[in-house]
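Subject: Structure handover

Hi,

Here is the structure I promised you. Please load it before reading on.

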Amino acid sequence: METMTATIERVTAKNTAAKVGTVHDRAVRYILAGTRLALGWIFLWAFVDKLFGFGMGTEQKNAWINGGSPTKGFLTFGVAGPFKDVYTSIAGAAWADWLFMIGLAGIGVALLLGIGMRIAAVAGGLLLVLMWTAVLPPENNPFMDDHLIYAAVLAVLALVNAGDTVGLGRVWAALPIVRRMPWLR
């Protein structure tokens, strides 16, 4: 005779397996994976353009590899609001350039590969909120802009393990270090 716990576990496993495989759930997983890839590309492209100066947001003469600063232009001329003095004081600082570029590259790569989603969400969320505070108030709304929306989307992507679909999230999660330290997931 099957115990009550075993019965509950069997039914739960069956229902979970069926639910995971529904067309709706698969569609949601793939839409979130596509969103993850798109956001990853946004971060990685910002890194690549600032590094090489392809002319989309950064002219070649201002590229980081040509001696330009990825933070100087915007933090000198583009900031407004209550934190303006803080941001202009760090414009062009080597440590700010390195942190910004490492952040863009790391977040972009993590999102594209679907690994380290929790770290990418926290780092990306922090970077986006800092960018939001650099332009307070936003141009077209009293407080809301795309930086806050992107930060919320990053949180959702990490919470639903969006790196598992069309990504290396499951492989990453199976690594012994990630199993020991789930915050690396």
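First, the ground rules. This is a predicted model, where local features need pLDDT of at least 70, side-chain atom pairs count only at pLDDT 80 or more, and totals for chains, interfaces and linings use all residues. Residues are numbered from 1 along each chain as its sequence is written, and side-chain values use heavy atoms, with hydrogens and water left out.

**Helix H2**

Helices are DSSP runs (H or I, at least four residues), numbered from the N terminus. H2 covers residues 23-52, 30 residues in all. From first C-alpha to last it reaches 42 Å, close to the expected 44 Å. That expected span is 1.5 Å times one less than the number of residues. Buried residues (under 20% relative accessible area, 1.4 Å probe, protein chains only) in H2 include Asp25, Arg36 and Asp49. Ala33, Leu39, Gly40 and Phe43 are also among them. Just after H2, Gly53 has a positive phi of about 65°.

**Aromatic residues**

Rings of Phe, Tyr and Trp (its six-membered ring) pair if their centres lie within 6.5 Å; planes under 30 degrees apart are stacked, over 60 edge-to-face, the rest tilted. The count comes to four aromatic pairs. One of them is Trp41 with Trp45, a tilted pair: 5.7 Å centre to centre, 35° between the planes. Both residues lie in H2, four residues apart, about one turn of the helix. Partly exposed means between the buried limit of 20% and the exposed limit of 50%. Trp41 is partly exposed at 47%, and so is Trp45 at 27%. Trp45 also pairs with Phe54: the centres are 5.7 Å apart and the planes at 20°, so this pair is stacked. Phe54 is partly exposed too, at 49%. Trp41, Trp45, Phe52 and Phe54 form one aromatic cluster.

**H2 against H7**

H7 is residues 146-159. The two helices pack at about 130°, with axes 11 Å apart. Axes are lines fitted to C-alpha atoms over the stretch in contact, and angles run from 0 to 180 degrees between N-to-C directions. In contact (heavy atoms within 4.5 Å), the H2 side includes Leu32, Thr35, Ile42 and Phe43. The H7 side includes Tyr150, Val153 and Leu157.

Best wishes
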